[in-house]
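Student: Please take a close look at the salt bridges in this model and describe the partners and their surroundings.

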Amino acid sequence: MACEIVETEYFTLHTLDNGVFAAIAKPGQGAWSNAGIVDLGEELLVFDSLSTPSAGKELRRQAESLTGKKVKYLINSHYHGDHVFGNQVFFDTTIISTYETQKLCYEKNSIEDLEKEEKEMKQYLLQLKNQIDSTEDNILKASLINQYQEMSKVLDDLSQLQIVLPSLLFEEKLTINGADRMVELYCLGGGHSPSDTFMYLPKEKIAFMGDIATEDLHVPIDNPVEFLSILQQVKQIDISKIVPGHGNVTDLALCDTLIEYLSIITHRAKEAIQYKLSLEEFISGFAIPKEYREWKGVNGIKANLTTIYTYLQKS
């Protein structure tokens with residue numbers, strides 16, 4: 001799907017089209033999520049800033065050295081730290097997000113007491129270490145090890161981390177026109193987070209999806225109904241290449257996989273509620289379909305079963 005061009009400590013850069021690049025995170029190295037670089041003609045646009053200032057700095061360095069141009073725009077797909085903790089590296093650019101994402105970045109990511117934050121993070125890492133040592137599930141162990149490694153990289157950078165908020169805000173759609181290329185930003189609601197933005201390049205038919213699309217991962221769900229709706233709408237767009245928030249460059253088949261995943265869990269949860277099964281009974285009796293048994297995630301499928309069951313019970 002893509003041609004490898006540059007290896008860095010944090011990610012591998014792939015060229016998707018002339019002037020369009022995907023930064024695919026290397027596990028456990030401090031990037032944690034994927035990012036994008038788009039040459040608009042006279043300046044650059046970057047999609048997501050990675051999980052640490054160190055990784056974000058390398059992302060900007062690679063973008064500008066590859067093209068000889070300066071970054072003008074940074075897009076934040078959603079508020080989660082693995083996509084925005086590199087923002088400070090782009091403080092002199094126009095940082096773009098939805099209103100809701102900016103609000104959540106401020107509310108959820110602000111560090112008021114560095115010493116307390118460091119202490120809590122070290123305690124969390126110790127808990128992860130204990131879980132790694134005690135689990136015999138190889139898939140869960142690999143997920144926990146990656147979480148431990150990534151959070152350790154965040155801790156390493158914590159003392160220099162500054163929360164830089166988006167300054168250009170939009171609701172549902174924003175078009176950015178460059179001298180040579182146009183990009184479209186869409187927010188069709190909140191599936192993975194309360195507000196999820198993806199970027200589409202109509203001429204090249206490339207989409208940078210943030211965590212609306214991830215590969216072989218039990219990605220956390222915020223709103224299962226909106227998540228399904230977003231994926232179904234994305235399916236109607238003429239897309240040839242998808243850059244997921246986590247995983248490798250692929251195509252629209254990934255959306256089909258995720259639609260089926262959400263549909264199966266939702267159907268099973270509805271049945272459980274219909275037969276008056278408790279949440280505990282639903283989870284303990286849920287047989288994971290074989291196609292999802294190798295998927296990673298520190299909470300496995302259980303967290304998503306809980307979210308969907310709880311959501312349907314309330315609705």
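**Salt bridges**

Aspartate 39 and lysine 69 are joined through their side chains by a salt bridge, with N to O at 2.9 Å; the term denotes a side-chain nitrogen of Lys or Arg within 4 Å of a carboxyl oxygen of Asp or Glu. This pair links distant parts of the chain, 30 residues apart: aspartate 39 belongs to strand β4 (residues 35-39), and lysine 69 to the loop between α1 (53-67) and β6 (71-75). Helices (H or I, at least four residues) and strands (E, at least two) are DSSP runs, numbered from the N terminus. Aspartate 39 counts as buried because its relative accessibility is 13%, whereas lysine 69, at 23%, is partly exposed; buried means under 20% relative accessible area, exposed over 50%, and partly exposed in between (1.4 Å probe, protein chains only).

The model is predicted: local features need pLDDT of at least 70, side-chain atom pairs count only at pLDDT 80 or more, and totals for chains, interfaces and linings use all residues. Residues are numbered from 1 along each chain as its sequence is written, and side-chain values use heavy atoms, with hydrogens and water left out.

Within helix α1, arginine 61 and glutamate 58 lie three residues apart, about one turn of the helix, and their side chains form a salt bridge at 3.1 Å, N to O. Glutamate 58 is buried at 15% relative accessibility, while arginine 61 is partly exposed at 48%.

Lysine 235 and aspartate 256 form a further salt bridge, their closest N and O atoms being 2.9 Å apart. Salt bridges in the structure number eleven.
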